[in-house]
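Have the picture open beside you as you read.

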Amino acid sequence: IDFLSNIFPSLIHFYESNFGFSSIGSERVPPCINAFTVILSILLCRRLGRSPANSLTAFAQTVPPTCQLCSQNGQNCLPNAYYTWVSEIMLQQTRVEAVKPYFQRFITELPDIQSLAECPEEKLLKLWEGLGYYNRVRNMQEAAKTVKDEYNGRLPEDYQALLSLKGIGSYTAGAIASIAYGEKVPAVDGNVLRVISRITESTEDISRQSVRRKIEQQVSVSYT
């Protein structure tokens, strides 16, 4: 998308000012500022008549604690991939504040892939109680068994490999790959789809899979 290339200088300024990194292309740049933040920044700029740099600086206040850890002492301390996975699945159709106690309880009882893979179903469903959509956690356990058997208990870094795991779609795969491993892939959810559609004045139906794939490909351009 052409308009994304226009904000790269502002992004570089944003990273230098808020994280102390010298290059947006550096491996040390925290991957936690996702496409949605960038795109929403552009939209805000256009509506308020402000420069991208000012809007992006304002977004520094929204960076979550795990992202802030990435910038401590200029080190690339990426979040735990398993925790990222659990949180992304829990946060589907659920507010962050509501998820926090469930997340802490879950990772305390099941701190890694192996413990999730081997957890008795009764205990697993009890830990998930209150979040609903129980198939999500059942799929997680199936995926954990696959990871345990085929990937030595470690979630794969590769986007396509993540997509092959049960219950992991394009957004979750993108979130794990980019947040936990620093891979240059987007995490495109409904918010991103709606914002891009408005910015590009597209009339295409974003509920169609073909349209979603098209937008994902367009957003991916900004990561190459």
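Asparagine 152 counts as exposed because its relative accessibility is 77%; here exposed means over 50% relative accessible area, buried under 20%, and partly exposed in between, with a 1.4 Å probe and protein chains only. The model is predicted, so local features need pLDDT of at least 70 and side-chain atom pairs count only at pLDDT 80 or more, while totals for chains, interfaces and linings use all residues. Residues are numbered from 1 along each chain as its sequence is written, and side-chain values use heavy atoms, leaving out hydrogens and water.

The secondary structure comes to 14 helices and zero strands. Helices (H or I, at least four residues) and strands (E, at least two) are DSSP runs, numbered from the N terminus. Of the 224 residues in the protein, 42% are buried.

Back to asparagine 152: this residue sits in the loop between α10 (134-150) and α11 (159-163). Which residues have a positive phi without being a glycine? Asparagine 152 is one of them, with a phi of about 55°, and glutamate 201 is another, also at about 55°. Glutamate 201 belongs to the loop between α13 (190-199) and α14 (209-220), and its relative accessible area of 69% makes this residue exposed.

## Inside the protein

A nonpolar core is a set of buried Ala, Val, Leu, Ile, Met, Phe, Trp, Tyr and Cys residues joined through side-chain atoms within 4.5 Å. The largest one here has 35 residues, and Trp85, Phe106, Leu116 and Leu155 have the most contacts inside it. At least two residues of this core come from each of α6 (81-90), α7 (96-109), α8 (113-118), α9 (121-128), α10 and α12 (170-181). Which helix gives the most to this core? That is α6, with six residues.

For tryptophan 85, look beyond its neighbours within four places in sequence: its contacts (heavy atoms within 4.5 Å) are Ile113, Leu116, Met140, Ala143, Ala144, Leu155, Ile168, Thr172 and Ile176.

## Two helix pairs

Two packed helices are described by the angle between their axes and the distance between the axes. Axes are lines fitted to C-alpha atoms, for helices over the stretch in contact, and angles run from 0 to 180 degrees between N-to-C directions.

| Helix pair | Axes come within | Crossing angle |
|---|---|---|
| α6 and α7 | 10 Å | roughly 140° |
| α13 and α14 | 11 Å | roughly 80° |

Angles under 35 degrees count as roughly parallel, over 145 as roughly antiparallel, 65 to 115 as roughly perpendicular and the rest as oblique. That makes α6 oblique to α7, while α13 and α14 are roughly perpendicular to each other.

Where α6 meets α7, the contact is made by Tyr82, Tyr83, Val86, Ser87 and Met90 of α6 and Val99, Tyr102, Phe103, Phe106 and Ile107 of α7. These residues divide into nine nonpolar, one polar and no charged. In this sorting, Ala, Val, Leu, Ile, Met, Phe, Trp, Tyr, Cys and Pro count as nonpolar, Asp, Glu, Lys and Arg as charged, and the others, Gly among them, as polar.

In the other pair, Val192, Leu193, Ile196 and Ser197 of α13 meet Arg212, Ile215 and Val219 of α14. The residues of that contact are five nonpolar, one polar and one charged.
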